[in-house]
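Reader: Could you take me through the labels used for this model and tell me what stands behind each one?
Author: Gladly, let's go label by label.

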Amino acid sequence: MKRLSIRFRITFWFTAALILVVLFTYVAIFFVSDQILQKTIRDNLIEIVEDNVDEVEFYQSIADVNLSDDVDHFIRYGEGYLEIDDDFLDAVNQVYTALYQEDDVLLYGENPISRQVSGVGFADGHVQHIHVDDRKYYIFDRKLTEDGLEELWLRGVVSEEQGTVQNSTLIQISIIFLPLLVLLASVGGYWIAARALGPIQEICRTADQIGRENDLKKRIDLGGGQDELHQLADSFNDMFEKLDKAFEAERQFTSNASHELRTPMSVILAQCEYILEEPRTAGEYEEALKVIQRQGKKMSGLINDMLDFARLDSHSDRYGKENVSVTELVTSVCTDMALIREKGISLRFDAENDVTFYGNRELLSRLLINLISNAYRYGREDGHIFVRLWLGNGKLCLSVADDGIGIDREEQQKIFRRFYQADNSRSGIGLGLGLSMAQEIARFHGGEVIVESTPGKGSVFTLTLPMP
Ligand code: ADP
C-alpha cells in the first residue's frame, strides 16, 4: 500500500511539475510569437503601401497615356487624369490600401473601416493604430510627392487579427498535444517509478522471508548495478552476514560451553558413583572430595566467565567506570606477577608516569593478567616478558611481549574467538577464553587488542584505548 503510494506520489509531483513547465513554455512561446507576428504584420503593411506608391501617376492629358495597357484604371483628377497601375494592391492578405485626397475623400482602393478612420489624421511614414469594435487596426500613410500628386495620400490598414489566426492554429495544436504529452509523461513516469522501486519490493520480500523462516543465510539479490538501492541491498546483506556470524558464534559458544561443563560434571558424577559403591576410608573420601572440588571450581570459573561475557556484551552497569591510574595498575599487577617466575621466566615492565583512563579497574587488570598469564604459559624456559605502557597519538597503549613459542599467521585472528585454542597450546591448561575475554574488555572500553607474532620467536599483544 505504502509502496503504491510512493509510486503514485512520485508520478503525481512529476506530472504536476511537467504541466507547469509546459504551460510556462507555451505562455512564453505565445507571448514571443505574438510580438513577432504583430511586427511582421506591420512590416508587411508598410511594404505593401510603399510598393503601391509607384503605381499611381498623373497625366495632364489623356493623350499622354499609353492606352494599350487597358487594365490600368483612370480617374479624372483636377485638370488631368490619375493612372492607377494594375499592379496596385488594394486588397491583399487582408491588407487594404486606398488612395485619398487630403480632405479625406477616398478616390480609389479599399478600406474596410473607412468610416472609422476618417477622423484619423494622415501621418506620413508612421504606423498608427485604432480600435474598432474591440479589434485593433494598424494604419500606415504615405504622402505622394510626384508632380501633380502632392495632395494625395495612400493609406493602408490591416487588422491585428490577421496574425491571431495563425496563432490560434498553434493554440489548437497545443490543446491536443499538451494533454497527450502529460498523459504520456505520467504513464512513463509511473512505469519508471515502478521499475525504480521494484528492488525495494525484493528487499522487503527477502527481509520478510528472513523474519518468517529465521534463516539468516538468505541474501537480497538485485542483480548487477551500482545505484542507491543496490548499495542499500549490499548494506542489508552485510548486516545479515554479521548477524548470521554473531548468531553462529553465539550457538558455537553455547555448544562449547555445555561441552566444557559436561566434562567436569561427568567426572563429579563418576567420582560420586565410585565412592558410594561401598564404604570407604576417610582418606579415600577426602581424595574424592578434592576431585569434586577441583571440578566444581572449574565449572564455577567457566560459569563466571560466561556471565561476564554476557554482561560485557549487554554493556550492563555491573562494571562501573572511574578514573583509573593505569600506571599504578600496571605497576602493581606486574610486581605481583613477576614473582611467579614460572619456567625461569623473568618479567620486566616500563610504565609511563601518570597515565589515567576512565574505565573499570577490575576489568582492566583482568585483561593485563590474562595477557601476562598467556606470556608465561606460552613462553620458553628462562624466557622474558616485557610489559610497556605509553601514550601515543592520543591513545593509551599497553603491550605484553614475550619471546616464547609464537603463533602461526593463519591462527593469529582465530585466537580471539571464544574457546579457540591454537595448535601450540597444551590442552588441559586453559579453556580458550582468556584472549576473547581480553578483546571483549578492550571493546567494552572502546579499544581493541591486536597481536603481532613470529612462530618460534615470540608474540606481542597490544591493547590500544582511545583517550578522550
Ligand atoms: P587459552 O586458555 O588456551 O590460553 P586464550 O584465549 O588465552 O586461551 O588463547 C587462545 C590461544 O592463543 C591459546 O590456546 C594459544 O594457542 C594462543 N596464545 C595466546 N597467547 C599466546 C602467546 N603469548 N604466545 C603464543 N600463543 C598464544
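Author: Two strands pair if DSSP finds at least two bridges between them, and helices (H or I, at least four residues) and strands (E, at least two) are DSSP runs, numbered from the N terminus. By these rules, five strands form an open sheet in the order β11-β13-β14-β16-β15, with mixed pairing. The model is predicted: local features need pLDDT of at least 70 and side-chain atom pairs count only at pLDDT 80 or more, while totals for chains, interfaces and linings use all residues. Residues are numbered from 1 along each chain as its sequence is written, and side-chain values use heavy atoms, leaving out hydrogens and water.

Reader: What makes β15 and β16 a pair?
Author: Pairing takes at least two bridges, and β15 and β16 (residues 458-466) have seven, in the antiparallel sense. One of the bridge partners in β16 is Phe461, which faces Val451.

Reader: How do you know that the length of α6 fits a helix?
Author: The expected span is 1.5 Å times one less than the number of residues. For the twelve residues of α6 that gives 16 Å, and the end C-alpha atoms are 16 Å apart, so the two agree.

Reader: Which residues of α6 are buried?
Author: Buried means under 20% relative accessible area, exposed over 50%, and partly exposed in between (1.4 Å probe, protein chains only). In α6, the buried residues are Val326, Thr327, Leu329, Val330, Val333, Cys334 and Met337. Their arc, taken from the directions from the helix axis to the C-beta atoms, is only 165°, so they lie on the same side of α6. Glu328 and Asp336 are exposed on the other side.

Reader: Why is the pair of Phe12 and Trp13 called edge-to-face?
Author: Rings of Phe, Tyr and Trp (its six-membered ring) pair if their centres lie within 6.5 Å; planes under 30 degrees apart are stacked, over 60 edge-to-face, and the rest tilted. The centres of Phe12 and Trp13 are 5.4 Å apart and the planes stand at 75°, so the pair is edge-to-face.

Reader: And why does Trp13 count as exposed?
Author: Trp13 has 57% relative accessibility, so it counts as exposed, whereas Phe12, at 45%, is partly exposed.

Reader: What kind of aromatic pair do Phe253 and Phe419 form?
Author: A tilted one, with 5.4 Å centre to centre and 35° between the planes. This pair links distant parts of the chain, 166 residues apart: Phe253 sits in helix α4 (residues 228-276) and Phe419 in the loop between β14 and α8 (434-444). Phe253 is buried at 7%, and Phe419 counts as buried at 11%.
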